[in-house]
Amino acid sequence: MSRRVFIIGGAHTPYIGKGHPDFIWKNHPDFGKRENPSLEDLLAKAVLDAFAATGADPEQIERGYVGNFVGELFSKQGHLGAALAGCHPALANKPMTRTEGACASGGLALACAVDAIRAGADSILVAGAEMQTSESARVGADYLARAADYKRQRSIDDFTFPALFGRRSKFYQERFGVTGEDIGRAAVKAYANANKNPLAHMRARKMDLATAAASSEKNPCFLQNAEYAPYIRMSDCSQVSDGASALILVSEAGLRAMGKRESDAIELLALGQSVSSLFVDGDPTELSTVKHAAQKAYAATGLNPGSVNLAEVHDCFTVTELMMYEALGFADPGQGAALLRDGVTEIGGRLPVNTGGGLVGFGHPVGATGVKQPLEIFRQMKGLCGGYQVPNQPKVGMTANMGGDDRTVVVGLYRNLE
Ligand code: CAA
C-alpha cells in the first residue's frame, strides 16, 4: 500500500508588484530609501515563516525542492537548490533540488516531494519563488515566452502568453457564444477575493463588471496582434508578481516526529501529472492536458468532480478559469461561465474557487504558484483565511497548476482531516 502524505502547513510572502501599495517604484514615497525584496529574500522569508507557522523542526527536514522558472533571467541567479539550502543552517548538506516546468515549476516541486515520501522519506520542504519585476512587463513577456515553443510562437506578439490565451479566448467565445461579460465575471471575482486577502498583489485595486467586461481607456486591449487583441484586456491577465510560498510535507512517521496529530494536517490523496508536446497545439477551446491530469487524480482516489468542495485553479488569464472548470469536470464544455454567473465559485458558493484571488488577484510569481495552491487549500480547510475564509469547512479540495499553454500540468486532490 502506498505511504500516506500529509501537509502540515506553510507560509506565503506577500505577493507584490505594480499596483500593490508596498511595491517600490519611482513614484513611491520610499523610492531610493528601500528596495523590493530579491529572489533570495523572498525564498528565505517563505521558508523561515513556514517553519514558524508549522512549528516544524528544520533539523528533521530530510530534503527539499524549490520551484522556479527563470531566476537566471529576472534575477541573474540559477542554482536555487543551493539557495534553498542557504535558507536555514539546518538545511545545509541535505539534498536540495530545483524543479522547472514553466508556471508549473512549483507543482513539480510538490510532485517530487510526494514521490520522495512514497519512496520512504518522512519530512520534506517544498518551496516556490519568482521575482519578475526587475524588468518591464514587455521584457518579462519575452522571458516568459520561453514557456512556449519560442522559435515558433515568440513572434505572435511581444506579449506572447497574453496573445496565446487571446487566441484561446477567441475560439472559445466563437464556439460557445461566451461573452466579454461572462469572462469579465472571472476578473470581478478575482479582484473581490484579493481585496479581502492582505497578502494579495491586487489587495487594493477594485474591479467592477462594467470595467472588466469591455475594453476602455482604463482597461485597454494592449496586444499588437490584430486578430487576438480584442480578446485580452489588462483585467484578463494574471499579475507580474514577486513572491514565494513554502510548505512542509510529511509521512505518518514524520507527522508523529513533528509532534502533530492528523487533525493538524490535510492529506494529499493523489497528484495527477500530465505533460504534452511543446511543439503541437491541441484544440484551443479545451485544456486537454489538464483534463488528462484530472482524470488521473480522480482515478487514483475514486473521487469525482461532485466530491470537490474547494479548488485552486491556474487562472493565468480569465478565460482559463472557465476552461479549468470544464477540464476538471465542474462544468460541461462551454458551460463554465454559468458557474460564475450563478455564484457557485464565489467564497460563499457551493464550490469556492481561488478564494484568495487566484493568479489574477493574488498574483502569479510563476514558480511559487504551484506551491501556493495546496497551501491555500490547507489554510481554508484549517480556518486560517481570515477575511476570505469560506463559511463551510471544506472536506475535499483540488488544485490545478499549469505550465505553458496547457503543457505541463499537476492536479492534486486533498482531504481535510478532523
Ligand atoms: N492603451 C493602449 N495600450 C496600453 C495602455 C493604454 N491605455 N496602457 C498600456 N498599454 C500597452 C502598452 O503597449 C504597454 O507596453 P509599453 O509600456 O512597453 O509600451 C503595455 O500595454 C503594457 O503596459 P504596462 O507595462 O503599463 O502594463 P503593466 O506593467 O501594468 O502590465 C500586463 C500589464 C501587460 C497585462 C502584465 O500584467 C502582464 O504581462 N500580465 C501577464 C503575465 C503573464 O503572461 N504571465 C504568464 C501567464 S501564462 C502561464 O501561467 C503559463 C506559463 O507557463 C507561462
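**Notes on a predicted model**

1. **Gln373 and its setting.** Gln373 lies in helix H15, which covers residues 366–381. This is a predicted model. Gln373 has a relative accessible area of 1%. The limit for buried is under 20%, so Gln373 counts as buried. Look beyond residues up to four places away in sequence. There Gln373 touches Glu312, Val313 and His314, and also Thr399, Ala400 and Asn401.

2. The largest cavity has a volume of about 30 Å³. Gln373 is among the residues that line the largest cavity. Others in the lining include Gly107, Leu110, Leu271, Gly370 and Pro374. Thr399 and Asn401 line the largest cavity, and both are also touched by Gln373.

3. Helix H4 (105–118), H15, strand E8 (396–403) and strand E9 (408–416) each give two or more residues to the lining of the largest cavity. Which element gives the largest share? E9 does, with four residues. Val410, Val411, Gly412 and Tyr414 are in the lining.

4. **Val411 and its contacts.** Val411 lines the largest cavity.

5. **The nonpolar cores.** The largest nonpolar core has 59 residues. Which residues have the most contacts inside it? They are Leu328, Phe330, Met398 and Val411. Helix H12, residues 318–327, gives the most to this core, with six residues. There is also a second, separate core of 39 residues. Ala109, Ile117, Tyr191 and Ala200 are included in that second core.

6. **The largest pocket.** About 1300 Å³ of space lies in the largest pocket. Its lining has 47 residues. Which of them lie nearest the centre? They are Ala137, Met234, Ser238, Gln239 and Val240. Helix H5 (137–144) supplies at least two residues of this lining, and so does helix H7 (160–176).

7. A disulfide is a covalent bond between the sulfur atoms of two cysteines. A search of the whole structure finds zero disulfides. Cys112 is in none, and the nearest cysteine sulfur, that of Cys103, is 17 Å away. The cut-off for a disulfide is within 2.5 Å.

8. **Buried or partly exposed?** Cys316 counts as buried, because its relative accessibility is 6% and the limit is under 20%. Cys112 has a relative accessible area of 27%, so Cys112 is partly exposed.

9. **Asn225 in a loop.** Asn225 sits in the loop between helix H9 (209–213) and strand E5 (243–250). Is Asn225 buried or exposed? Asn225 is buried, because its relative accessible area is 15% and the limit is under 20%. The side chain of Asn225 reaches the backbone nitrogen of Glu227 at 3.0 Å. Leaving aside neighbours within four places in sequence, Asn225 is in contact with Ile156 and Asp157.

Note on methods:
Residues are numbered from 1 along each chain as its sequence is written. This is a predicted model: local features need pLDDT of at least 70, side-chain atom pairs count only at pLDDT 80 or more; totals for chains, interfaces and linings use all residues. Side-chain values use heavy atoms; hydrogens and water are left out. Buried means under 20% relative accessible area, exposed over 50%, partly exposed in between (1.4 Å probe, protein chains only). A polar contact is a pair of N or O atoms within 3.5 Å; within protein, one must be able to donate a hydrogen and the other to accept it, and residues adjacent in sequence count only if both atoms are side-chain atoms. Contact means heavy atoms within 4.5 Å. A nonpolar core is a set of buried Ala, Val, Leu, Ile, Met, Phe, Trp, Tyr and Cys residues joined through side-chain atoms within 4.5 Å. On a 1 Å grid over the protein atoms alone, a cavity is a set of points where a 1.4 Å probe fits but cannot get out, and a pocket is an open set with protein on both sides within 12 Å along at least five of seven lines; lining residues have an atom within 4 Å of a point. Grid points are joined across faces, edges and corners, and a volume is the space filled by probe spheres set on the points.
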